[in-house]
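Morning, everyone. Please look at the model on the screen while I talk.

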Amino acid sequence: MQKIYITGHYEQDWIRMFTHLANLFFEQSKLVSEDQEDTLTVKMDVKKDSGNVLSVHAQLLHADNIYHSSFSEHEMADSSEKEKSRQLKRIYSHVFLDVLEQFTHTNQSWGILTGIRPMKLYHKYRQLGHDSEGITKLLMKKHRISKEKANLLGTIEQVQLQAIPDLHNLQDEVSIYIGIPFCPTKCAYCTFPAYAIHRKNGRVESFLDGLHEEIKEIGAWLKKRNKKITTIYFGGGTPTSIEAEEMDALYKTMYESFPHMKEVREVTVEAGRPDTITPEKIEVLKKWNIDRISVNPQSYTDETLKAIGRHHSVQETIDKFWLSRNMGMKNINMDLIIGLPNEGMEEFQHSLDETEKMQPESLTIHTLSFKTASEMTRNKDKYKVADREIAEQMMHLGECWTKENGYLPYYLYRQKNILGNLENVGYAKPGEESIYNIIIMEEVQTIIGIGCGASSKFMDPVTGKITQFQNPKDPAAYILTFQDYIDKKIEHLERIFPDTIVVD
């Protein structure tokens with residue numbers, strides 16, 4: 001653990017900010033209240049001149065070396081105290097990051113951004129009236145983002161607005177996320193609500209009973225208020241873990257309960273685990289006009305799949321992709337993960353070569369993230385993963401491959417403890433982008449979470465303020481309390497849509 005002493009007194013939210021930035025450079029860091037042995041000391045001070053120019057200077061001292069950084073900006077005029085505090089934090093972050101970059105000889109291409117949604121910042125600058133060149137300059141100067149990453153965000157914005165021209169005018173509609181928390185096995189890197197499926201004690205059946213009821217009651221509220229649904233997404237877990245007849249019954253309830261189903265722009269079902277895909281389940285998907293699915297290899301190396309707890313083979317991934325395609329699935333997504341145990345450039349190139357033979361409509365390239373509660377994080381010494389330099393090379397390889405194969409980046413998000421401080425990027429053939437993925441990442445409308453572990457985001461259509469609400473992650477807890485959670489979600493909906501006309 002790297003200890004860091006920063007001169008001065010800081011509130012807890014400032015300490016969190018500095019800690020997040022320090023963790024970009026060190027596996028774990030801690031801010032301490034006094035200079036100790038083996039501690040990095042950072043001296044920071046701020047001045048404001050008569051012209052209201054804020055200047056922050058930082059010095060990092062280590063052994064006989066001193067690293068300096070300064071940054072200045074005009075204080076925001078006529079701004080709230082909250083906005084002024086946000087500006088000051090950004091300036092402090094600027095110089096703190098700079099001295100750490102000098103000390104470690106490491107450049108952070110995402111600059112001071114530690115949040116998961118950098119595209120939201122790009123859209124914000126656009127809505128403030130800046131053109132693409134101006135936004136790039138702002139991102140580079142104010143946030144220390146590299147030109148390469150700023151240009152990537154610019155490309156994604158163009159693709160998003162082509163896919164959803166009314167992206168910023170969806171406040172009065174909603175999207176639906178339906179969580180099914182079962183998988184054949186749990187992957188070592190996973191922290192999603194995912195439980196190995198078994199039929200003991202009627203747990204699956206009891207969960208589905210509650211899920212049907214939740215869909216019906218939320219659907220009734222939406223129907224009564226004539227509320228349009230933009231997209232519906234079945235996630236988990238693996239939604240195709242349940243039986244074909246259970247899927248059929250669930251989609252029937254969805255079509256009967258939700259309003260304007262013919263106007264829903266997209267329905268997606270994650271079939272991420274190839275070992276859950278059967279001809280019978282594909283026929284059910286076709287019956288309900290659902291043709292956007294995921295068939296996720298993660299890797300095309302059998303040893304890797306075994307190491308991360310995926311009990312299917314590479315060949316099964318290939319076979320189930322072609323089964324889905326030949327039975328009429330026209331929009332298939334696949335996922336690959338950079339930095340899985342014992343994988344480097346050779347293995348990732350092999351995964352891309354295999355993907356090229358199939359040409360799925362979209363490909364999401366994830367970077368491995370060490371999530372706090374995952375098996376991989378708990379037993380880190382057991383899993384040897386790529387270093388920062390190799391991870392960056394793998395990401396660049398993916399960027400080149402997607403471009404050569406006619407894919408464009410259309411959404412992006414980041415995670416804490418992500419390998420190499422990189423990102424996750426969704427690529428798609430033109431016109432094949434997932435509307436739901438764009439909506440959830442850019443947070444442009446309310447998303448109602450239904451089912452186990454489902455997270456709702458209630459967005460006030462006027463202020464844009466988002467309130468999050470989480471269903472229980474454990475199926476047993478969900479079964480006992482789903483009615484209470486339905487009632488609470490409806491209370492949230494009544495609050496943000498108070499003037500919606502009720503249809504008799």
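Which residue of S4 does Lys 47 stand opposite? Ser 55. A word on the model: it is predicted, local features need pLDDT of at least 70, side-chain atom pairs count only at pLDDT 80 or more, and totals for chains, interfaces and linings use all residues. Residues are numbered from 1 along each chain as its sequence is written, and side-chain values use heavy atoms, with hydrogens and water left out.

Names next. Helices (H or I, at least four residues) and strands (E, at least two) are DSSP runs, numbered from the N terminus.

Now the sheet. It is open, with 5 strands in the order S2-S1-S3-S4-S5 and mixed pairing. Strands pair if DSSP finds at least two bridges between them. Strand S2 (29-32) and strand S5 (65-74) stand at the edges with a single partner strand each, so one side of each has no neighbour in the sheet. Strand S3 (residues 39-48) and strand S4 (residues 53-62) run antiparallel, joined by 8 bridges. Helix H2 (residues 81-104) packs on this sheet and touches strand S1 (2-6), S3, S4 and S5. Touching is contact, meaning heavy atoms within 4.5 Å. The direction of H2 makes about 155° with that of S5.

On to helix pairs. Two packed helices are described by the angle between their axes and the distance between the axes. Axes are lines fitted to C-alpha atoms, for helices over the stretch in contact, and angles run from 0 to 180 degrees between N-to-C directions.

Take helix H6 (residues 203-224) and helix H15 (residues 475-496). They pack at about 10°, with axes 9 Å apart. That makes H6 roughly parallel to H15 (angles under 35 degrees count as such). On the H6 side, the contact includes Phe 207, Leu 211 and Trp 221; on the H15 side, it includes Tyr 478, Phe 482 and Ile 486.

Last, aromatics. How many aromatic pairs does a search of the whole structure find? The count is 20. Rings of Phe, Tyr and Trp (its six-membered ring) pair if their centres lie within 6.5 Å; planes under 30 degrees apart are stacked, over 60 edge-to-face, the rest tilted. Trp 14 and Phe 18 form a tilted pair, 6.2 Å centre to centre, with 50° between the planes. Thanks, all.

How values were computed
Angles under 35 degrees count as roughly parallel, over 145 as roughly antiparallel, 65 to 115 as roughly perpendicular and the rest as oblique.
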